[in-house]
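Here is a short walk through a predicted model. Keep the viewer open and follow the residues as they come up.

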Amino acid sequence: MENAEAAAGRKLKSYLTGYVLALVLTAIPFGIAATGFLPRGTALFVIGTAALIQVLVHLRCFLQLHLRSPSPERLLATAFAAVLIVIMIGGSLWIMFNLHYRMWV
C-alpha cells in the first residue's frame, strides 16, 4: 500500500514540476515578444530554445518518457512527437512564406 502511495506522490510531483516549468517556459518568450527586450535575432533564438525545452519537459513530465531505458513504445512515441513537430513547424513556415510571396510579390 505504501508503494502505491509513494508512486502516486512521485507522479503528482512530476506533474506539478512539469506544470510550473511549462508556465515559466511560456512566460519567458511571451515577455520577450511583448516587451521587445532583446534584439530580433536573439529573441528568435531564445523563443526557439524555450520551445524545444518545453517539448522535452512535456515528454518527460507529462508523458513520462524517460530516455534511460528506451522500449519500442517509448521510441515510437518519441518519433511520433518529432514528426508532429516537424509537420507543424514546416507547415507554419510554408504558410508564412506563401503569404509573404502573395502579398509582396
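Begin with I95. Its relative accessible area is 51%, and the cut-off for exposed is over 50%, so I95 counts as exposed. I95 sits in helix α3, which covers residues 72–104. Around I95 there is a nonpolar surface patch of about 890 Å².

Now turn to helix α2, residues 40–62. This helix has 23 residues. From first C-alpha to last, α2 reaches 32 Å, close to the 33 Å expected at 1.5 Å a residue. Its buried residues are A43, A50, Q54, V57, L59 and C61. Just after α2, Q64 takes a positive phi of about 55°.

What does the side chain of Q54 reach? It reaches the backbone oxygen of A22, at 3.1 Å. Setting aside neighbours within four places in sequence, Q54 is in contact with A22, L25 and T26.

Finish with helix α1, residues 2–35, where N3 is placed. N3 is exposed, with a relative accessible area of 67%. How far apart are the C-alpha atoms of N3 and G36? They are separated by 49 Å, with the two residues 33 apart along the chain.

Key
Residues numbered from 1 in each chain as written. Predicted model: local features only at pLDDT ≥ 70, side-chain atom pairs only at ≥ 80, totals over all residues. Heavy atoms only, no water. Patch = residues over 30% accessible without salt bridge, like charges linked within 9 Å, V, L, I, M, F, W, Y side chains within 5 Å. Areas by Shrake-Rupley, 256 points an atom, 1.4 Å probe, with all protein chains shown as cover. Salt bridge = Lys/Arg side-chain N within 4 Å of Asp/Glu carboxyl O. Helix = DSSP H or I, 4+ residues; strand = E, 2+ residues; numbered from the N terminus. Buried < 20%, exposed > 50% of the residue type's maximum accessible area, 1.4 Å probe, protein only. Expected span 1.5 Å × (residues − 1). Polar contact = N/O pair within 3.5 Å; in protein donor to acceptor, adjacent residues only side chain to side chain. Contact = heavy atoms within 4.5 Å.
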